[in-house]
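Here is a quick tour of the structure shown below. Have it open while you read, and we'll start with a question.

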Amino acid sequence: MAPHAAEAMEGDARRERLRLLALSSPAFLLVFVVLLIPVGWLFFLSFIDKDGFTLSHYARLWQNDAYFEIFRVTFLSSFLVTVLTVVLGYPLAYLLSQLPRRAAIIGLTVVLLPFWTSLLVRTYAWLVLLQRKGLVNSTLMSLGLIDEPLNLVYNMSGVVIGMVHIMLPFMVLPLYATMRSIDPGLMRAAISLGAPRRKAFFTIFAPLSLPGVIAGSLLVFIYCLGFYITPQVLGGGRINLVSMKILENATIYSDWGAASALGVVLLVVTLLLFKAIQMIVPVDRLMGRS
Amino acid sequence: MPTSLTRHRARKIGRFALPVAVSALLATSALAADQITISSWGGNYQEAISKAIWQPTAKELGITILEDSTNGLADVRAQVTANSVLWDITELTIDGCAQGQTEGLFEAIDYNVVKSEGFDPVVVQPTYIAFNYYSNVIGWSTEKFGDAGPQSWADFWNVEKFPGRRSLRNDPAEVLEAALLADGVDPAKLYPLDLDRAFKSLEKIKPNISVWWSSGAQAAQLVADGEVDMIGAWNGRISAAIKAGAKYKFTFNQGLLIADCLAIPKGVKNKDLAMKALAKAVSPEILANIPQYIDYGPANSKSYDTGKIPPELAKTLNTAPENAAKQAIVRGDWWGEHGQEARDRWAKFINQ
């Protein structure tokens, strides 16, 4: 009798698993079709030319030091944007998380408001503000604070300003979600046991909010690596990122091999970077996956 | 070697072209004997070219000309390699045409039917012919320099005589030519371009370039907002900004003429009719219509003898004989062959 019951239960469990699998299969299929197949195809193309297997696309990247510089600038700008969004987003998210829910929702709506405007419009708006005869420079000059217009755009600062503005909500949302879930009782307990507010914040709240910082940083950093329109418009040709070279190779020369090789290198370098970060920071544990 | 490489590439692209092929099959059933399809760049530009060239051509030949829009050579390549050509005549940039000729994507032009008199021989090629020109010219802010702006690329490179913010195109095409002219190369002896000399000349001006523009619209915005004091940009864009109130002027001195060209993709169903339509389209009389609709110069100098272009208008056109004489022609055939090499060096140059 007993073995039969165990078998029946096992069978039930198996059916349950199959049912779950069947339910999630559309999502799996979607990921497979729109993510795995194209990435695999990209990988394949980057090793192929007229004679079959080749490393020539990679050799070309290796031999032209321009590509090293392009990768350096791509990672540097992504890093700067990530740091600045943390610096700007953290206090904002903290403030929102301490507000009553109703007020916080209004605050979050304001944070999300830029999403209602097209990326292109927001980018050109920065151009209007930052250029030589733009609003910022003309205001500063009429106030007599500067004599010559500042170079705010068509360089790294313009690119970073524009990207930070666009990426900020991607930082604030995960931060807010994490901070909301921190039990306010913990801070009260620390303070009631005699910790000064500042100390309670840094020893209790800040470490507990780290998963939000990491989630937001990953989101912003990865998104920035593929940024195209904003750096193209605000960089004035002096800031060249990997995305622009991929487009050039794919559209001007129909050179899918070279474009794919760039994409693969970007992907691999990004993965290696995260592996390295993971070794320094215990990301898994912080994200609650021990 | 290069041919087989590009051919292989073409075949690879061919596989992506299935949707095009399917629509081609649907289209062939509707093909009539006296009907052809052309393709151009879409938008306002195509609207103007349609009124200037294709509608009159259709009317005079008594045929129907359907229009489609193209993204360039990759589209033609896909159609030819999939053996399902949708377009009887296609418009391309001059380096696209040169590249396509190298890849064998076009039918030979029958110059007994198409009359090439009045064209610069450089743009009369076995499989393509130019039909209009735009120019990369030197423009300057009149607020900064009045009427006495830079009159040559050497002036543009001279930062003591003409201090101020500068902008050039973010592409080696046209800019390498400008760099060589600035360095004193004889306009008649520009080609083959001396890459070492051109990049050496560019290194000198690079610290003074505030913006490398990457689209015509961006160049127009830089002019309109007075963001730069001088610019090397396409004449139509500068003149449009001036018409809209920008305090700018430009000169055709040392301008660089860039052609757009027409070609017949290989394997068209109705080659004879396509040839006849092409011949009509590039005739001096039809080409002379272009300036009425858009700021592009007809490629055939005989258009200026037709009486259709008033002398006042001719003065503003880049291909009018007195203006054309001050300029140099950008050689698409050179760019078709050396474009990738030049652009690889450009990437290095711009990132250092």
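At what angle do helix H10 and helix H11 of chain B pack, and how far apart are their axes?

## Ground rules

This is a predicted model, in which local features need pLDDT of at least 70, side-chain atom pairs count only at pLDDT 80 or more, and totals for chains, interfaces and linings use all residues. Residues are numbered from 1 along each chain as its sequence is written, while chains are lettered from A and ligands numbered from 1 in the order in which they are written.

## The H10–H11 pair

Back to that question: H10 (residues 216–224) and H11 (residues 235–243) of chain B pack at about 40°, with axes 9 Å apart. Axes here are lines fitted to C-alpha atoms, for helices over the stretch in contact, and angles run from 0 to 180 degrees between N-to-C directions. Helices (H or I, at least four residues) and strands (E, at least two) are DSSP runs numbered from the N terminus. H10(B) and H11(B) are therefore oblique to each other (under 35 degrees is roughly parallel, over 145 roughly antiparallel, 65 to 115 roughly perpendicular, and the rest oblique).

Who does the touching? On H10(B), the contact is made by Gly216(B), Ala219(B), Ala220(B), Val223(B) and Ala224(B); on H11(B), by Arg237(B), Ile238(B), Ala240(B) and Ala241(B). Contact means C-beta atoms, placed from the backbone, within 7 Å. Sorted by class, that's seven nonpolar residues, one polar and one charged (Ala, Val, Leu, Ile, Met, Phe, Trp, Tyr, Cys and Pro are nonpolar; Asp, Glu, Lys and Arg charged; the others, Gly among them, polar).

## Two domains in chain B

Chain B splits into domain 1 (2–133 + 259–325) and domain 2 (134–257 + 332–351), with bounds from an automatic or database domain assignment. Taken over C-alpha atoms, the centres of the two domains of chain B are 28 Å apart.

Where they meet, 13 residues of domain 1 of chain B are in contact with 14 of domain 2 of chain B. On the domain 1 side, H5 (94–103) and H16 (321–324) of chain B each supply at least two residues, and H5(B) gives the most, with six. That side divides into seven nonpolar, four polar and two charged residues.

## Where chain B meets chain A

Between the chains, 22 residues of chain B are in contact with 18 of chain A. The elements of chain B giving two or more residues to its side are helix H1 (2–15), strand E6 (209–213) and helix H17 (332–351). By class, the chain B side has eight nonpolar, eight polar and six charged residues.

Notes: Contact = placed C-beta atoms within 7 Å.
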